[in-house]
Amino acid sequence: MKRYLEPVWRWVAGIRTKVVLLSGLLLLLPFIGYNYVWELENVLRQGQEQTLMGSARAFSMSLNQQPSLFERQLTTKPRLEKGKDLYAIALQTPIDLDGSTLDWDRYKVHRTHYGDGNVIFSRSPYEPDDLHFDLILASDGDEIFALIDVVDSSPVLKRDNFQRIDRNDHLVLTLTTPNGELKRYAISASQSGPADVSLIETTITDAEHTFPSEAIRGWWQETDQGYVIELAIPDWLVGEKLGITYYNVNDPFNRDVETILATSNSRSAETLGTLLVPSPSLERALQSINDGKSRVWVVDKHGRVLAKAGDLQSANGVWETTIKYQDPPSGIMGWIQTEILNPIYYQLLERPPENIIDAMQHAAVFRGVEVQQALIGRPYANWRTTQEQGAMILSAAYPIKVNGNIVGAVVVEETTNGITTLRNKALEQLFNVLLAVICTGVVVLLLFGSHISKRVRKLRDDAESAIDPQGRVRHQLEPAESKDEIGDLSRTMSTMVTRLSDYNSYLEKMSSSLSHELRTPVAVVRSSLENLAFVTTDSDQSRYIDRAQEGVARLATILSSMTEATRLEQSFDHSEKTHFPLDKVVAGCVQGYEYAYPTQAFSLKISEGCYDMVGVPEYVAQLLDKLIANAVEFHTPSSAIDVQLIPDEQQARITVSNLGPKLPENMGNQLLASMVSVRDEKQKSDKPHLGLGLYIARLVAEFHEGELAIANSPSGDGVIVTVWLPMA
């Protein structure tokens, strides 16, 4: 496992990986840019708020110069009575008088319920479940439409060809004209269809002064629960007051009015409720001054909408034109931007909604805090979001004053789609630039790190190959010419290797030089001692002479050993390699060791295989001599020395193992060097030991392009020497 993890760990801890990790700091740039653009968006929103407030002020000042548009608002009551004071919403679609309520479905949220609190008269206790009605008023600028949805448990229609119109269920519409004249109209029907509309000049019971009228159109439709009554009242007929009264008749025989339910008391103009209708002239004035970039509302003192111009779909603010007319990206870069980058970007960014659905789109009353503040004289801006898309809408309200009195407010609205789109475009461009910068930076840093790591690895490989495991210099390091730190390191290491090579060469030649220089003095001393021995008869002197001769002989042996390795290396250049069977050489050598060491037991094991090799068998025998001599010297008494020959792929493996003391830690490769010996007092003897045995064995193995290694045995009770020799 460690063998597989080590390369991975070396790659992770490498210079390239560290450079790539450091280049991750470049990822801070998008974060900083993103926050900067968000801050810029906040600044743009503040600017849009100020701009929109200026637009609201401009609208207000323009409308202030047209006081005729707000004549009705000058007389608006300070407080409205719910149900009594009526408001006609602006129609978005036409209304057909056909008795169907489908045209009114979208306006049902604006209906007003009339029941217990709106009873004017009742003969018997009033039951809300038996009688009530809902009212919706709407205006298209030319006519005011009314839908009266009546729940009547006892419907009684008008009898055919009967003059009286008050002897059945009927509706009375009371209004004031623009001139202030009070008029009453009765609406009744004998069957479902167009309603009968009559103008009442005196009282409804005076048939002689009740005349059919075509000013008002109506439709009376029977339903399972009562009636649906639709009316169309021309705008020129209606002034400031309007009231609707429903007269309920339950008994079809005596036909007396049982209950009267009304929006307001219709006895006089003073008791009628007010009517507010959206102003077409005010809406035309708004459209003339609105550029379509905003949605503009005008509301009265109670927040009721008087006019509206524009829509939120195009109200994106002045920033929309900044990006609206930009040319879309084209070519391969445009395709990459559209198909690859934008889908990634918009996982983070928020697209502005294409179709904005605002709950206030068809509002009849504007109740926002901005309107409330503007109606008390304080210009105010407010932000809100749509419920479905979450789009941001900015509203700015400004009061409208006529003769110093606040008669309403103008509200200008815009969405932040323009700013959002501008922000997204800015972020797209920013991300594109940062992506290019980051990719370029990472690639450049990676290439730079790779170049640095390549130079360091080359220097490492050269250094490893320059010195072999025994510390000898194989070749010199080529110094780099670069002037940076790695070049300085390369030149320093080259100098170090050169010095080490010189020192090793000095050490390798030292034994030969010493041997050469010491042979003559040794010979002189030996001959002098021999001559002295002939002329000396004193026994004491003879003993000292013998001891001196033994020392000289030992010194001669040391000199011979010192020159052995040198002679062997020199003989390599003139040796001729031949084919020979390695197994026979090993077997013959072991047999000879049994005679040479009669008291030592040997164990030989040769596995089956082909052991034909090319080399010098005498050198292989010399290699085995050194290994066996070393094993015999260090073995445990009465233990055998094991010799094995095993085929190993294209090589032959020779192992010589013995029981005995273990090798010191980290001394395995050092023992294969010249003149290195590790012996304790027990292994020391009179025979000189210069540490050249294993060194000579290594030289022989390398001469045959093989290897030699020494290590403690796996059991820990001895040493095993292994030699690998290539087969032919």
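Helices (H or I, at least four residues) and strands (E, at least two) are DSSP runs, numbered from the N terminus. By that rule the protein chain has 14 helices and 28 strands.

The structure is a predicted model, in which local features need pLDDT of at least 70 and side-chain atom pairs count only at pLDDT 80 or more, while totals for chains, interfaces and linings use all residues. Residues are numbered from 1 along each chain as its sequence is written, and side-chain values use heavy atoms, with hydrogens and water left out.

pLDDT is the predictor's confidence in each residue, from 0 to 100. The protein chain averages 82, and 85% of the residues score at least 70.

| Element | Residues | Mean pLDDT |
|---|---|---|
| helix α6 | residues 320-324 | 53 (lowest) |
| strand β6 | residues 143-152 | 96 (highest) |

**Surface**

Accessible areas come from the Shrake-Rupley method with a 1.4 Å probe; for residues, only the protein chains shown count as cover. The protein chain exposes about 40,000 Å², 53% of which is supplied by carbon and sulfur atoms. Buried means under 20% relative accessible area, exposed over 50%, and partly exposed in between (1.4 Å probe, protein chains only). Of the 728 residues, 42% count as buried.

On the surface, Leu22, Leu25, Leu28, Phe31 and Ile32 form a nonpolar patch with about 550 Å² of accessible area together. Such a patch joins nonpolar side chains (Val, Leu, Ile, Met, Phe, Trp, Tyr) within 5 Å, from residues with over 30% relative accessible area and no salt bridge (a side-chain nitrogen of Lys or Arg within 4 Å of a carboxyl oxygen of Asp or Glu). Helix α3 (residues 28-64) gives the most to the patch, with 3 residues. Leucine 25 lies in the loop between α2 (15-23) and α3, and is exposed, with a relative accessible area of 56%.

**Interior**

A nonpolar core is a set of buried Ala, Val, Leu, Ile, Met, Phe, Trp, Tyr and Cys residues joined through side-chain atoms within 4.5 Å. The largest has 51 residues, and those touching the most other members include Leu63, Phe70 and Leu282. Strand β20 (residues 392-402) gives the most to this core, with 6 residues. A second, separate core of 42 residues includes Val590, Tyr593, Ile628 and Ala697.

Ala697 is one of the buried residues of α14. In this helix (residues 693-703), 9 of the 11 residues are buried. Glutamate 705, with a positive phi near 60 degrees, follows α14.

Methods
Patches are made of residues with over 30% relative accessible area and no salt bridge: like charges are joined within 9 Å, nonpolar side chains (Val, Leu, Ile, Met, Phe, Trp, Tyr) within 5 Å.
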